[in-house]
Amino acid sequence: MIHSTVKDKFISYILVLPALLFVTVFLLYPMLDNVFISFFKSSGLGKPEFIGVKNYIRAFQDSNFILSFSNTLIWVIFTLAVPVIGSLLIAVFLKNLKGGTFYKSIFFLPLTLSFVSTGIIWMNVFSSNNGVLNTILSLLSGGEKVKISWLASVPLNTVSMLVAWTWQQLGTSMVLFLMGLTTIPNDPIEASIIDGANKWQTFIHVTFPMLKPITTVVITQALVNSFKTFDLIYVITRGGPYRSSETLAVTMYRETFTMFNIGYGSAISVILSAIIIMITGKYIKNQMTRDLLHY
Amino acid sequence: MKNKASILIHSLLIFLVILWLMPVYSSLIAAFKGLDEFALTPFYSIPQKFVFFQNVRDTYSEYRLHYHLFSSAIYAGAGSLLAIVFSSMAAYSLIRLKPKFNFLLFIIIYSGTIFPFQMYLIPLHKMFNALDLYNTRSGMILIYTAITIPFSLFVYRGFFTTIPKSIEDAAIIDGCGPISVFVKIFIPQAAAPTAVVALFQMSWIWNDLLFGLVLSRSEYVRPIMVGMAAMSGIGGGSRVYQMTGVLTTSIPTILLFIILKKYFISGMSSVASMK
């Protein structure tokens, strides 16, 4: 700015105002209100009653919450173990492979689909009645009809949904790893091969350490996404049978919008948010310090 | 030794490709079978008659997916359009005009990406009921706009910092005010970030389940994924209908990806740098 007149200053605020209003009214204010609501007992009807931190205490005594919490941890650990590590290995392998684009486009395909569509597609695979997987198992077992109820028994239902999840999520992590791989120079990798290291040693000692920045991004993103899992479970099992496959996001929805334990539901969402902020906090801080340097 | 390993890896890859394509194949083929045929034949059998259009007609008349499709098209279009307009304006101001507290303003808007959506649901439901926005299309557009603004602002902000200052300095000397600099210099160059924002936000809105579930009730307002989710679960539709639904309602996002494919990677890098 060469001249910064009063009018220009005014314009600078006017341009920010709509975005600011939208975020404050529909996101920031609700967020604060949500924390407030979590200290009340409320069923949506009548006057909410202030009960302090009782909703939070209730959570840790509620067997449904504890089961949901441990299910969420299963989702998180599985996500780190299978889609994250799997996509890293596939990305490293596909990077220099002839015809790699073909494979890449296959793994990217589910990215264009919603979780709802993914859920419906995989229900057809796991269905106990004429489902794809049971049909294949019947063929392999030689004519004997296999009737496994993949989605109705514990813990098979969670495992089945995790397979669907991997199918949908692998592509996202893979894109990020492939992006990371293009930024690392080839020289150190060639040098280590000349020094006699095999492919595996090169990967562990050279490639992987250089991928560290993108790996933290992928892990953070995968952690956050798996903690927030809702759509897939809602579509496939609705958290059932008997609330056995719920995760925190599903429990929060059920407690609030089908059982009308509104204060309790908001306490669960606050717990979920606290966990997510703990995971992302460091990256947000780094992001902000990086940004501050720009200013 | 080297060959054995490579054969192993290749067979593993081919196995994965089959695993990845099998669900797609089985759903595609289900959408082309009649109801009885689907129940009586194994999933891999080739359809005997061509009944796809009959299935589409039946699915849509029974589950009224066209109402949901229409609503979602409005939400995806209007929500992203508003987000594009408001966030590009805000990004330009924060980067170039630098109002007082511009960093604080950025942090406030950016904070919209930090919390899981569960954090907003209960108060939004309450607020929408109080303001008569519950179960209205305008209410849905408002929340979709709000939720897509932070990411859009982030993309535009990153892009606008790369536009050289010399051009606008010349324009300012020629007497252009901040608005005409934005309209004449920034907007014409902003095709790339706009494509990224359009691709990611339109497909995000199209694929949303949660806000639709919580903030709307009727078949005229509920977005498409809520309509689809109602077909699953107990009392849901036949799998032939479900697959017909999946196939037809995925076309818009698949097309969007094909058209804007080259912006996908730059969008993903924005996603990455946000975390």
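Here are legends for a few close-up views of this predicted model. Residues are numbered from 1 along each chain as its sequence is written, and chains are lettered from A, with ligands numbered from 1, in the order in which they are written. Because the model is predicted, local features need pLDDT of at least 70 and side-chain atom pairs count only at pLDDT 80 or more, while totals for chains, interfaces and linings use all residues.

**View 1. Chain A on its own.** Chain A has 13 helices and two strands; these are DSSP runs numbered from the N terminus, with helices being H or I over at least four residues and strands being E over at least two. Its radius of gyration is 24 Å, well over the 19 Å that the globule rule gives for 295 residues, so chain A is more spread out than a compact globule. (That radius is taken over C-alpha atoms, and the rule is 2.2 Å times the number of residues to the power 0.38.) Along the principal axes, the C-alpha atoms of chain A fill a box of roughly 70 × 65 × 30 Å.

**View 2. The two domains of chain B.** The domain assignment gives domain 1 (2-51) and domain 2 (64-274), with bounds that come from an automatic or database assignment. Seven residues from domain 1 of chain B and seven from domain 2 of chain B make the contact; two residues are in contact if their C-beta atoms, placed from the backbone, lie within 7 Å. On the domain 1 side, H1(B) brings the largest share, four residues.

**View 3. Where chain A meets chain B.** Here 74 residues from chain A and 73 residues from chain B take part in the contact. Helix H1 (residues 6-37) of chain A gives the most to the chain A side, with 20 residues. That side divides into 51 nonpolar, 17 polar and six charged residues. (Ala, Val, Leu, Ile, Met, Phe, Trp, Tyr, Cys and Pro count as nonpolar, Asp, Glu, Lys and Arg as charged, and the others, Gly among them, as polar.)

**View 4. The largest nonpolar core.** This core has 146 residues, and those with the most contacts inside it include A:Ala19, B:Ile143 and B:Leu209. A nonpolar core is a set of buried Ala, Val, Leu, Ile, Met, Phe, Trp, Tyr and Cys residues joined through C-beta atoms within 7 Å, and buried means that 20 or more other C-beta atoms lie within 10 Å of a residue's own. Helix H7 (residues 137-160) of chain B gives the most to this core, with 15 residues.

**View 5. Around B:Leu209.** Leaving aside neighbours within four places in sequence, B:Leu209 is in contact with A:Phe115, A:Val116, A:Asp231 and A:Tyr234, along with B:Met225, B:Val226 and B:Ala229.

Terms used:
A residue is buried if 20 or more other C-beta atoms lie within 10 Å of its own, exposed if 12 or fewer, and partly exposed in between; C-beta atoms are placed from the backbone.
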